[in-house]
Amino acid sequence: MLRAFATLGSQMVAFALALQLYEISRSTLDLGLLGLIQFGPTLLLALPAGHLTDRFAPGRVALVVQLFNAATAAMLVLASLSTTGLTLALFGAALVTGATRAFDHPINTALIPSTVAREHVAGAVAWTTSIAKIGTLIGPMAGGALYALAPQATYLMALILFMAAAGAAAILPRVAALPSGQSPGLKSIFAGFGVIRRDHVLGGAMALDMLAVLLGGATALLPAYAVDVLHTGPVELGFLRSAPGVGAVLVGLWIARHPVQRNAGRTLLATTALFGLLTCAFGLSRHFSLTLAILAAIGAADMVSIHIRSALVQLRTPPELRGRVGAVNGIFISSSNQIGAFESGLTAYWFGLIPAIVAGGLATVAVTALIGARLPSLRKVDKPYER
């Protein structure tokens, strides 16, 4: 329930932030800056977040995080009542949500293996990821419907969801993986990097995700695409934002019952390349229904790669280091998402919306081929739980 409520709230806030900012400025560069502003605090706090999650109960850390999210949503409700200083408030909210996002991956990485038997972790990862993807499906649609009434309605619903997430976090078990005698110094905080440096499979999987989404993360441009290419409103944009979640949920429910157990490395590379090709198709589409179908396929391909990568991270990491390795994974993912949003906004500002999307998809395919060729250990991974 924690992940479901938190994801729904976060999706609503992200939807309203991007659309409201674009309505004010009409600038794709501002959409890119929104991602860049979120990335800064995520990068700075990711490693301390991993250490805190290993040292203290993940549920208690999650409780504090969700209370900060709720306070941010409340601030946005008040700020949206007036246009004075609204742009500053939107960027300020992006800064805070970037900070709280730094804790997501350490918490999610530490909780499942500590509460689920090892042989069931892959299935549990698929179930929880599917729950999160359902949030990415419902959140934008509900956010779009509420936004059509008033932006404040979207932020108010997010506030309620964040408070519900805080309540769910408060009843989680007090699990702490870090031995009590371990020093909380810099060596401990940076321990996650050591695990990834030694394990080329983990490092390669994380680098693949970071570069693929960094180059092909064109969905950050959806507000501009919906308004300027498809000429639609907030409700239709909500459906577009939700479409990847539809594909991800359908595939995720299948994977939850049939986890990837063989040829994991090749499957990871193939679905990442497919993600890039589908991004090119998205950039070339001019029809609303076709765009919905392509975005759903993008979400489906991404779900397979998320499942494999998450299983690798949680099963190949020593239990006492899961929070810190999760933090490093969070840095990689945040780098791809937030910096990718900035890169997409900047290239669209320079070269145009459609060329930026298509070029990003082609670059994703090229990077996937390069990593597959340079890292045979990743390509040859068969079962995710084998070392």
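**Exercise 1.** Find the largest nonpolar core of this predicted model, and state which residues have the most contacts inside it.

*Solution.* Begin with the term: a nonpolar core is a set of buried Ala, Val, Leu, Ile, Met, Phe, Trp, Tyr and Cys residues joined through side-chain atoms within 4.5 Å, where buried means under 20% relative accessible area, exposed over 50%, and partly exposed in between (1.4 Å probe, protein chains only). The largest such core has 53 residues, and those with the most contacts inside it are L17, Y225, F282 and L353. Helix α1 (residues 2-25) supplies the largest share of this core, 10 residues; helices (H or I, at least four residues) and strands (E, at least two) are DSSP runs, numbered from the N terminus. Apart from this core lies another, of 28 residues, including V195 and V367.

Residues are numbered from 1 along each chain as its sequence is written. Because the model is predicted, local features need pLDDT of at least 70 and side-chain atom pairs count only at pLDDT 80 or more, while totals for chains, interfaces and linings use all residues; side-chain values use heavy atoms, with hydrogens and water left out.

**Exercise 2.** List partners that Y225 contacts when its neighbours within four places in sequence are left aside.

*Solution.* Contact means heavy atoms within 4.5 Å. By this rule Y225 touches L230, F282, S285, R286, T291, L353, I354 and I357.

**Exercise 3.** Decide whether M157 is buried, partly exposed or exposed.

*Solution.* First locate M157, which is found in helix α7 (residues 151-170). Its relative accessibility is 31%, and therefore M157 counts as partly exposed.
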